[in-house]
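Work through the exercises below with the sequence and the coordinates side by side, and try each task before reading its solution.

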Amino acid sequence: MQQIGPRVGMRLIHMTHTEHRGSDTYHHYRIQTAWVDRPPEGVRTGSLRCATCGDMVGFRLRSRARAEARRGLWLAIGLIAAAALAVLIVITARMISSGSGDESRTLVPAALAVVALIPSVILLPGEDGVSLIRLRGSGPHAFKPMKIRAAWSKPAATDRPVRAEIVFHDSDPPAAPAPPAP
């Protein structure tokens, strides 16, 4: 899992092309990293210029507290779904062993638990508090690769060494209050 700190390395992904070899699909990326200070609270929006194509890509940057809360939400959803699925499996096994014939009543709740578990398992490891403003219409851009685990196990050689052009859509957030004097 990525650490959530006061600064974030926004990894802008530009998918250059997709290659099909037999039954395998390979996605080729260009990745640039722009380091930005998180807002002390709330959310900031802005745009980052893609070093590959020159487009401005809108992003949403959450404060450290909001990013951690969002990660906690995905973790809670995953844990609750896994626990519910385990309980439903035990209940179904007992119904089958008792021969009651009511085991089909646990099918829908088990399916809902699986539906909740899948996105939490996929989204939890990559949650860093940075996301696209628009999910559709962002073209070949993303702030996370399509297959996060594959990108982690087989990272590209290096990020593109470019100066990041970032424009925030709001004014600078107020500075964090100074700690009280002892």
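**Exercise 1.** Which residues make the nonpolar surface patch of about 330 Å²?

Solution. The model is a predicted one, in which local features need pLDDT of at least 70 and side-chain atom pairs count only at pLDDT 80 or more, whereas totals for chains, interfaces and linings use all residues. Residues are numbered from 1 along each chain as its sequence is written, and side-chain values use heavy atoms, with hydrogens and water left out. The patch is formed by Val114, Ile118, Ile122 and Leu123. Leu123 belongs to helix 2.

**Exercise 2.** Classify Glu127 as buried or exposed, and find its polar partner.

Solution. Glu127 sits in the loop between helix 2 (107-123) and strand 5 (130-132). Glu127 counts as buried because its relative accessibility is 5%, where buried means under 20%, exposed over 50% and partly exposed in between. Its side chain makes a polar contact of 3.0 Å with that of Arg70, the term denoting a donor and acceptor pair of N or O atoms within 3.5 Å.

**Exercise 3.** Which residues have the most contacts inside the largest nonpolar core?

Solution. They are Met10, Leu48 and Phe143, in a core of 13 residues. Strand 1 (7-21), strand 2 (24-37), strand 4 (56-62) and strand 5 each give two or more residues to this core. Leu48 touches, among others, Met10, Leu12 and Phe143, contact meaning heavy atoms within 4.5 Å.

Conventions
Helices (H or I, at least four residues) and strands (E, at least two) are DSSP runs, numbered from the N terminus. Buried means under 20% relative accessible area, exposed over 50%, partly exposed in between (1.4 Å probe, protein chains only). Patches are made of residues with over 30% relative accessible area and no salt bridge: like charges are joined within 9 Å, nonpolar side chains (Val, Leu, Ile, Met, Phe, Trp, Tyr) within 5 Å. Accessible areas come from the Shrake-Rupley method with a 1.4 Å probe; for residues, only the protein chains shown count as cover. A salt bridge is a side-chain nitrogen of Lys or Arg within 4 Å of a carboxyl oxygen of Asp or Glu. A nonpolar core is a set of buried Ala, Val, Leu, Ile, Met, Phe, Trp, Tyr and Cys residues joined through side-chain atoms within 4.5 Å. Lists of a residue's contacts leave out its neighbours within four places in sequence.
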